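Hi there,

Here is the structure I promised to pass on.

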Amino acid sequence: MKLGGRMLGVLLCGLGRAGGTRTFSSWPPHSPLTGLLSAAELVGHWTAVFEERGIPEARQSSEYIIAHVLGAKTFQNLRPALRSQPLSPPQLGRIQELSSQRLQRMPVQYILGEWDFRDLTLKMAPPVFIPRPETEELVTWVLEEEARRPHAGNAEGSPLILEVGCGSGAIALSLLSQLPQAPAAAPDSDRPLRCDLSYEDPAALDGGKEGMDVIVHILALAPLLLKDSGSLFLEVDPRHPGLVGSWLQSRPGLGLHLVAVRRDFCGRPRFLHIRRSGPQRGCTVDTSPRLQLAPVPG
């Protein structure tokens, strides 16, 4: 069955050391901490432990865990008085428990059980792929393009959204929060895989030797799924825009055209806009000082 749609959002995969007023080096990292310890002191302790064990983003990890136990999203959101007052034994025990999970290199998102994506808070559990900050930019671009479309906002003109390999469903849910009239489907693999040292589904990042395997399957199916002038948005590795452009140019029968490449907030060519038999070809122009369009490879 063909699915007529204007939008096809795809996620291809899609925290210094701080000291305190006490000396923490004598505390065994795995035994419960006791005493009149404040949140600020615990951040210093666990930052030092994480750094010693080679845990990435040591300070941010300790801040997120401690803030979570104290009922806040971030450590910076805690009231100053709450940062300096002693924690209770149950709070200390919970911080110890969660920090022990981080020492096993479990991602902070899984430890907290949730993570924010744009204006949504999503539940997180292994092996669901953790949405990256860059993917928020992809959603922003899709919404910008939809706002430019004639009759945007009209129920009859609402786009049909398909997110392939949805994982947490971050893209589809975020689009639906802004386009509530839009029908949406978000399928994902029903056979998640696990590696001994990896909590996320490795299939979410495995694209073959050049990383193009999943992309090629999506591009081959896109002409069957998109209406005329329907759009496909991809988040890819920075080395892929040129490969995708060449692949499409060598297959004109698909009727797919790379119309724009957009850079992420680090300046890397990350997002692709592909249109089926649309009237526009070539690269669009974006005057945004932060997000610049890379030339379409040709």
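**Salt bridges and burial**

At 25% relative accessibility, Arg 59 is partly exposed (the class between buried, under 20% relative accessible area, and exposed, over 50%, with a 1.4 Å probe and protein chains only). Its salt-bridge partner is Glu 63, with the closest N and O atoms 3.1 Å apart; Glu 63 is buried, at 11% relative accessible area.

Before going on, please note that this is a predicted model, where local features need pLDDT of at least 70 and side-chain atom pairs count only at pLDDT 80 or more, while totals for chains, interfaces and linings use all residues. Residues are numbered from 1 along each chain as its sequence is written, and side-chain values use heavy atoms, leaving out hydrogens and water.

In total there are 11 salt bridges, each being a side-chain nitrogen of Lys or Arg within 4 Å of a carboxyl oxygen of Asp or Glu. Glu 63 and Arg 59 sit 4 residues apart, about one turn, in helix H2 (residues 58-69); helices are DSSP runs of H or I with at least four residues, numbered from the N terminus.

Helix H4 (residues 89-103) holds Arg 94 and Glu 97, 3 residues apart, about one turn of the helix. Their closest N and O atoms are 3.0 Å apart in a salt bridge. Arg 94 is partly exposed at 35%, and Glu 97 is partly exposed at 41%.

Asp 264 and Arg 268 also meet in a salt bridge, at 3.0 Å from N to O. Asp 264 is buried at 0% relative accessibility, whereas Arg 268 is partly exposed at 30%.

Best wishes

Key. Helix = DSSP H or I, 4+ residues; strand = E, 2+ residues; numbered from the N terminus.
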